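Hi,

Here is the structure I promised to pass on. Please open it first, then read my notes below.

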Amino acid sequence: MTAKEILSNPEYLAISYGGYRDTTRSVQPSLVQIKNDMKILAAMNIKILRTYNMQLPQATNVVKAIDQLKKEQPGFEMYVMLGAWIDCKNAWTGLEPDHHIESEQNAAEIDRAVALAAQYPDIIKIIAVGNEAMVKWATSYYVQPNVILKWVNYLQDLKKQDKLPADLWITSSDNFASWGGGEDLYHVPALNKLIKAVDYISMHTYPMHDTHYNPVFWGTAEKDSLLNKEQKIENAMKRSLGYAQNQYSRVKNYMKSVGVDKPVHIGETGWATYSSGLYGDDGSHAADQYKSGRYYQLMREWTTKNKISCFYFEAFNEKWKDAANPKGSENHFGLFNIDGEAKYAVWDLVDQGVFNGLTRNGNKITKSFNGSKKKLLEYVKLPPVKQNFKGYE
């Protein structure tokens, strides 16, 4: 199977995977833990994972775990979109980041990705150069598009030299705005060259975040006043899907405006199930398991129907992402919690018995809220009432 075949195949579901259990990435998930996670994801028909960086052992161990499972279980099938993290000079150092000069560490990061991809061509099908490395709000580390272009071209040249498989796809995974779907300030010649250089575009879209930052689509319209709670939420979630679809279309339209027509897939999207801040009780009321579950289901339905690969963020909760704030939304994007409890989005799979015999951290896979939708809905709040929407329905 090649990346081209996998990413256009609705039977090959995709997901973002970290697997960290602790509040720090210095505690790495073990091979046994990763293999248990792979079995859970395989039961969901997940067949391609996305990783994010090569500095730590995690991504290499994910590939090793898949390799071992393929030998232990004939017919086991799993592939990887390997991320190579890209930074600007002084990123994460406490010094002022220089967004016009790249970090000296980038070359070594690319070398690590190349070595692993060359070693496991049957598993690694994509290399993504950078994660949200061009979007301007990533103030700690973003670089200019010419840096991403440089490394994409470098990897494409290695393919021509037979140092990497010819059918390995090269991309960068970034916010929809960075791919031309946002403000004009992103529409620079280097981006246009990058669009021509990658094998496909991997774009991110997060309607949940914009229930706070740009809530033009979010809420319960006054015309819905006679609907019940679930119906009002359903309308809001369908608008959320429409908002994501709009961003996807803007990226495709910009790509075509520079004379390119190639696949556009979703490298990241997701919806947190809990938030003590902007998306919770004191904010937009977006984060809960019911809304998250409906977003997941709606997103899967749309992308599957249209043969768009969607690396849903993410498989399991990871509490290192906002270690100082356990109730922060970044810790609660998983379809499962740390101990393997299935959230509302995948209750149906538990009912179908696909996880029978599988465990996470020694725990059987069970449903949150004891599987009671009534109990779940008691925690769910309606979005604020708004008079005017921008469409997205």
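A cavity here is a set of grid points where a 1.4 Å probe fits but cannot get out. Rolling a probe the size of a water molecule over the atoms shows where empty space is left. Keep in mind that this is a predicted model.

**Cavities**

The largest cavity holds about 80 Å³ of space. Its lining is made up of 13 residues. Nearest the centre of the largest cavity are Pro 10, Tyr 12, Leu 13, Ile 308 and Ser 309.

Which elements each supply at least two residues of that lining? They are helix H1 (3-7), strand S1 (13-16) and helix H9 (289-305). H9 gives the most, with 3 residues. By class, the lining of the largest cavity has 8 nonpolar residues, 4 polar and 1 charged.

**Trp 347**

Now to a single side chain. Trp 347 sits in helix H10, which covers residues 347-352. Is Trp 347 buried or exposed? Its relative accessible area is 6%. Buried means under 20%, so Trp 347 counts as buried.

What does Trp 347 touch, leaving aside its neighbours within four places in sequence? Its contacts are Ala 342, Lys 367, Ser 368, Phe 369, Gly 371, Ser 372, Lys 373 and Leu 376.

One distance to finish. Trp 347 and Ala 236 are 111 residues apart along the chain. Their C-alpha atoms are separated by 21 Å.

Best wishes

How values were computed: Residues are numbered from 1 along each chain as its sequence is written. This is a predicted model: local features need pLDDT of at least 70, side-chain atom pairs count only at pLDDT 80 or more; totals for chains, interfaces and linings use all residues. Side-chain values use heavy atoms; hydrogens and water are left out. Helices (H or I, at least four residues) and strands (E, at least two) are DSSP runs, numbered from the N terminus. Buried means under 20% relative accessible area, exposed over 50%, partly exposed in between (1.4 Å probe, protein chains only). Contact means heavy atoms within 4.5 Å. On a 1 Å grid over the protein atoms alone, a cavity is a set of points where a 1.4 Å probe fits but cannot get out, and a pocket is an open set with protein on both sides within 12 Å along at least five of seven lines; lining residues have an atom within 4 Å of a point. Grid points are joined across faces, edges and corners, and a volume is the space filled by probe spheres set on the points. Ala, Val, Leu, Ile, Met, Phe, Trp, Tyr, Cys and Pro count as nonpolar, Asp, Glu, Lys and Arg as charged, and the others, Gly among them, as polar.
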